[in-house]
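Hi everyone, thanks for coming.

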Amino acid sequence: MNYWFTIEAIDRETFLFSEYSHCEETHCYVLFGSYRILVIDTGMGIEDLAFAVDYIARRFFPKLNPRAIQVVTTHAHWDHIGGHAGFDNIAVHPAELDWISGNFPLELDNVKRQIVEGAEYLPDGFDIDQYRIFNGRPNMLLNNGDVFSLGDRDVTVIHTPGHSPGHCCFFELQRGYLYTGDLVYLGCLDAYYPSTDPMQFWESIKKIKTLDFTDIMPGHYNPNLPMDIIDRIDSAFEELYEKGNFQNKGIYDFGDFQIHI
């Protein structure tokens, strides 16, 4: 078993895979259903997520076909698609199909530098010179309102542009789990990329705040989010908008989170 990932059980069928030894502290989520496994994001690609998922599947779900896996992508930034190559079935929103198919909008050398400079250590066997940003064709495209059935679990796709044009959140109504990717977390929320704008981000926050969620599962940092965080992010965007700051680039501090415009 590899030790790069910290693996925690959210419940008996839901696991959190975290990369705490890197400053990005990226999270991936693995949902086990009665006949299907859903993987939400695959991290930075520093260690083999597919191997780790297979280990959990064989140990705790021996009757489930370990190859019955569908990967869904919150967004196609390098730190969320790094392990995609280890899986056969990949889904992404059509707005980011070009990114995941060989036209990623960030130079490979830039990504490599972020990996090396942000890591406390790199695991044995990892060779930064061999690192590549995932390049492949998905087996399906994500659209707002799509539902993935895992047998006894249903997960709904919610298109939430703002951090990126094809960003998606995933909502599991039965358990109240809202998987927010990079739209919601405790840290600096990035709404400054040329491919998006703060207004889209704010509209997406308004979209998800209406959901009947009981737990928020972020893409980075502290996985234990206060339940009022989405309301407070909404209020922060409203404050920035009313002050005219959507046109003024900078980082605006709101205590346990910041907004980078």
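Let's start with helix α1, residues 49-60: at 1.5 Å a residue its 12 residues should span 16 Å, and the end C-alpha atoms are 17 Å apart, which agrees. The expected span here is 1.5 Å times one less than the number of residues. Helices (H or I, at least four residues) and strands (E, at least two) are DSSP runs, numbered from the N terminus.

A word on the source: this is a predicted model, where local features need pLDDT of at least 70, side-chain atom pairs count only at pLDDT 80 or more, and totals for chains, interfaces and linings use all residues. Residues are numbered from 1 along each chain as its sequence is written, and side-chain values use heavy atoms, with hydrogens and water left out.

Which residues of α1 are buried? They are Leu49, Ala50, Ala52, Val53, Ile56 and Ala57, where buried means under 20% relative accessible area and exposed over 50%, with partly exposed in between (1.4 Å probe, protein chains only). These residues cover an arc of only 165° around the axis, which puts them on the same side of α1; the arc is that of the directions from the helix axis to the C-beta atoms. On the face turned away from that side, you'll find the exposed Arg58 and Arg59.

Now over to isoleucine 216, in strand β13 (residues 215-218). Isoleucine 216 counts as buried because its relative accessibility is 4%. Beyond its neighbours within four places in sequence, isoleucine 216 has contacts (heavy atoms within 4.5 Å) that include Leu178, Val184 and Ile230.
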